[in-house]
Amino acid sequence: MTDTEQSLDALRTAGDELADATVATLFERGEVGTFNTLMRYVSTAGAPLPDGLPEVAREYLHRTGAPPSWVDWEEMERARMFFIDNNVHISTALSFAAMPACYVLPHVARLLSATHSLKYPSKRMAETGQFTVYLMQPGAFEAGSRFIPAAQKVRLLHASIRHHLRREGRWDTESLGTPICQEDMIGGQMMFSIQVLDALHRLGIHMSTEGAESYYYAWRVVGAMLGVDQDHAPADLQQARRFSDLYMTRYMGPSEEGAHLTRRLIDLYEEVVPGTLFDPVVGALIRYLIGDTCADWLQVPRTPWDTAVKAAPALLGILESIEDRSPLGAWALDRLGHFTTLFELSSLTRGRVMHYAIPEELKKDYGVTSAARTARWTPPAPTVTT
């Protein structure tokens, strides 16, 4: 499959037929509040659905309550082991590379600001972290796990955003296409896979091709469960790379929302890290992982730590050598990574379980115009030397 500007344009008109129809019916019948209230008690796969749940929601949950039939479970187990071996690095990449990469797309930054206040990015980060932890748990797709219900609710959340923006006329469909369209859903899949793998490489993390392919495969499965049309989703890393490069260059650029979200992200992690000495490291790490051009668009401040943080690959290389030489050291570092990830998640959630609910309304001051579509990045002309 070869992605082109024309093929991506076609994906901009498509949403998620099943989830969109479910959400439209819930709003039409005034059942959104009932759904949100009752679904707080449905947090594990295979749990009985509560009495009084709207019938359209019950049907949706039954239809989406199992992973795709084509899933290769050995590949998924390899992905889980890849996550265990690199959990801290992946958390770092998600926080300081994948999320800023979302913010560098103006229309995506504005979408995020519609459902997660610019002042409280911790909700977005907590939901993302919790979702990833659920995915990489043993038995994530079996009865009693938390991943499948989370995926079902996130899919409806996306559909509800489409519903609000189109119903209230706050989205320029002629210029931008369908909100959270298939192109953007596949693009989101790239953020959590390709962008993370690129950040791991930038950090100097040694990865096998098999491990990277397995990690991407896991997010391909996630994409299918979130409503991505698998006829158009990249099947492997090579195709994913082509899609990601084309998608980013179509839209990347500066925006007020992107800069504001980035500032709040930096503030958030500066609050999580005790003291103030290492506060500049947060921005320096973002700049190192996404590059100076994107960092400048997002108004990431420059600090003396910008140079120091470049030593991260060497430090991580020492830790990896300990893992390679000592089984006990590898076990200890894996456990440390596990607890560090849980501590970060606990700090973001304030120790609470995040609930994925259908918003009954969006921010009133939110709006997107055609400017978001035209604010795209143009590669600089090559320099000619004589």
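**Stop one: an aspartate in a helix**

Select D20 to begin: D20 is buried, at 15% relative accessible area, where buried means under 20%, exposed over 50% and partly exposed in between (1.4 Å probe, protein chains only). A word on the ground rules: this is a predicted model, where local features need pLDDT of at least 70, side-chain atom pairs count only at pLDDT 80 or more, and totals for chains, interfaces and linings use all residues. Residues are numbered from 1 along each chain as its sequence is written, and side-chain values use heavy atoms, with hydrogens and water left out.

D20 sits in helix 2, residues 17-28; helices (H or I, at least four residues) and strands (E, at least two) are DSSP runs, numbered from the N terminus. Which side chain makes a polar contact with the side chain of D20? Show R162: the two side chains pair up at 2.8 Å. A polar contact here is a pair of N or O atoms within 3.5 Å; within protein, one must be able to donate a hydrogen and the other to accept it, and residues adjacent in sequence count only if both atoms are side-chain atoms. Leaving aside neighbours within four places in sequence, D20 is in contact (heavy atoms within 4.5 Å) with G15, A159, R162 and R166.

**Stop two: the cores**

Now pick L105, F131, F141, F147 and Y247, the residues with the most contacts inside the largest nonpolar core, which has 91 residues. Such a core is a set of buried Ala, Val, Leu, Ile, Met, Phe, Trp, Tyr and Cys residues joined through side-chain atoms within 4.5 Å. Colour helix 6 (residues 87-103) next, as it provides the largest share of this core, 10 residues.

Then zoom in on Y247. Beyond its neighbours within four places in sequence, Y247 is in contact with L8, L105, H107, V108, E183, D184, G187 and M191. A second, separate core has 18 residues, including L18, M39, V42 and Y60.

**Last stop: zoom out**

Show the whole protein chain: how many helices and strands does it have? You'll find 21 helices and zero strands. Of its 386 residues, 55% count as buried. Take contacts between residues at least 6 apart in sequence: 79% of them join residues at least 24 apart.
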